[in-house]
Amino acid sequence: MAEIKSSHGAFAFSGKKRSGPEDNDGDDGVVAKKSLLIPAVAIGEDPAAALASARHEFGEHGGVNMSIEASATFTVMEPETMRRMFSGELGPDRDFFIYSRHFNPTVLNLARQMAALEGTEAAYCTASGMSAISSVLLQLCSSGGHVVASRALYGGTHALLTHFFPRACNITTSFVDVRDYEAVRNAIVEGKTKVLYFESVSNPTLTVANVPELSRIAHDKGVTVVVDNTFAPMVLSPARLGADVVVHSISKFISGGADIIAGAVCGPASLVNSMMDLHQGALMLLGPTMNAKVAFELSERIPHLSVRMKEHCHRAMVYATRMKKLGLKVIYPGLEDHPDHGLLKSMGNKEYGFGGLLCLDMETEDRANRLMNHLQNYSQFGFMAVSLGYYETLMSCSGSSTSSEMNAEEKALAGISPGLVRMSIGYIGTLEQKWAQFEKALSRIQGPGLLNKN
Ligand SMILES: *Cc1c(COP(=O)(O)O)cnc(C)c1O
């Protein structure tokens, strides 16, 4: 990967248990920085297996759950220790904490789970997915820097790259179709391009990125690969497939409760350390910090993420298959007619299926709205709401909601039709109960021309 400046306080998740007070004096003043850079999990490991073998943190009183370190600041026994912490000699890898915007033990424990999930050396959690994305890009690019990004991106990320970065810090982006490898190669300006950025499964069009091939292309030119894996936790492991950095909006599947906004950056320890650097770190200095109480709540949900994902994916697959049989225009990578079906099958972790989102192309916004209105207000199949990963089905018309930041041409290039309904398939109720609700709503609105007759 491209060079990432190392910094003070290098650490990685070595899986060692809390050491105890003898750490206080260090070992002959030798700082075991590099020796801690042990990958959290083996490459190729199943994410659920990796999570189960990550260090389990017990509570202060022997609780099966960890305690919440609800402290903004931390004391030291000796004044000298403070100096050594600020010089980077003593850090969180040895249980020395300065201040919770920098590192908080509870947030760090969630980060350890995120690193295990994604198979990266380290991770750190942030207040939102957008802050994870903006911080990592600001860390990797300086003023004058250049990003090559996929055309099919989450609307907020698209706006960040199109409008905010050029104005605020002279970081520019070329958007390409990442399925066109030649276009990706040609868009990279050697020496200037720092990052290749794409989503593992794109929002909302559900195109799948060829992570190994795109990583090879980028690495040939010294470019760092950053992948947003929000749509496919467990399903895909971009870092295990060759990407350098994985970002997440934890607000979606990983949280699963539609009640928390959170994010994470998963990557090499050197990157996480550089982001926490007291002088140059984007997370440290911009401060999109996660609260320890939020980190605790999320850490209790990650152990059942694999179970939830399997059910989201299973139901999405069943519904997509049935919708297609009814003659609806359905976009789902699990269907054999999806252009990326084979690619996802070859890259995906076994037994997780093809993702929890599907799209129905209703062609016009009016038809899309009629369908969603009936699905919510007549048959209770789901809710009209943006976001995804909730236990209830969430539906939105992408062109006029989460992708409304894009203009008509950008939407057309990204393949977003005005009638595209994105559905995040929930797992509440029984599969047949919910399917009956879908059919009931559909039969209510069926007019001439709605279904493509096959
Ligand atoms: C929601 C989302 C984000 C932004 O995350 P927040 O947690 O809302 O800040 C980024 N990328 C994708 C793909 C998303 O769906």
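Predicted model: local features only at pLDDT ≥ 70, side-chain atom pairs only at ≥ 80, totals over all residues.

Visitor: Is G356 buried or exposed?
Guide: G356 is buried, because 33 other C-beta atoms lie within 10 Å of its own. A residue counts as buried with 20 or more other C-beta atoms within 10 Å, as exposed with 12 or fewer, and as partly exposed in between, the C-beta atoms being placed from the backbone.

Visitor: Where is G356 found?
Guide: G356 sits in the loop that runs between helix 12 (341-347) and strand 9 (357-361). Helices (H or I, at least four residues) and strands (E, at least two) are DSSP runs, numbered from the N terminus.

Visitor: What is G356 in contact with, leaving aside its neighbours within four places in sequence?
Guide: With those neighbours left aside, the contacts of G356 are F253, M309, H312, C313, A316, G389, S424 and I425, where contact means that the two C-beta atoms, placed from the backbone, lie within 7 Å. R308 is 48 residues away from G356 in sequence, and their C-alpha atoms are 9.7 Å apart in space.

Visitor: Zooming out, how many helices and strands does the chain have?
Guide: The chain comes to 15 helices and twelve strands, and 52% of its 454 residues count as buried. Of the contacts with a separation of 6 or more, 75% are between residues 24 or more positions apart.

Visitor: Which residues touch the most other members of the largest nonpolar core?
Guide: They are A264, V265, L358 and V421, in a core of 131 residues; such a core is a set of buried Ala, Val, Leu, Ile, Met, Phe, Trp, Tyr and Cys residues joined through C-beta atoms within 7 Å. At least three of its residues come from each of domain 1 (66-300) and domain 2 (305-445), with bounds from an automatic or database domain assignment. Beyond four places in sequence, V265 has contacts that include A123, Y124, V245 and M275.

Visitor: Which residues are closest to the ligand?
Guide: S128, G129, M130, Y154 and S249 are the closest of the 16 residues that surround the ligand, a residue being near if its C-beta atom, placed from the backbone, lies within 6 Å. Helix 4 (129-140) and helix 5 (155-169) are the elements that give two or more residues to this shell.

Visitor: Changing topic, which residues of helix 10 are buried?
Guide: In helix 10 (residues 292-299), the buried ones are A292, V294, A295, L298 and S299. They lie on the same side of helix 10, because they cover an arc of only 155° around the axis, taken from the directions from the helix axis to the C-beta atoms. Among what covers them are helix 3 (105-118) and strand 1 (122-126).

Visitor: Which peptide bond is cis?
Guide: The bond from N203 to P204 is cis, with omega near 0°, and P204 belongs to the loop between strand 4 (193-199) and helix 7 (211-220). L206 also lies in the loop between strand 4 and helix 7, and has a positive phi of about 60° although it is not a glycine.

Visitor: Is L206 buried or exposed?
Guide: L206 is buried, with 25 other C-beta atoms within 10 Å. E363, not a glycine either, has a positive phi of about 75°, but E363 counts as partly exposed, with 16 C-beta neighbours inside 10 Å.

Note on methods. Residues numbered from 1 in each chain as written.
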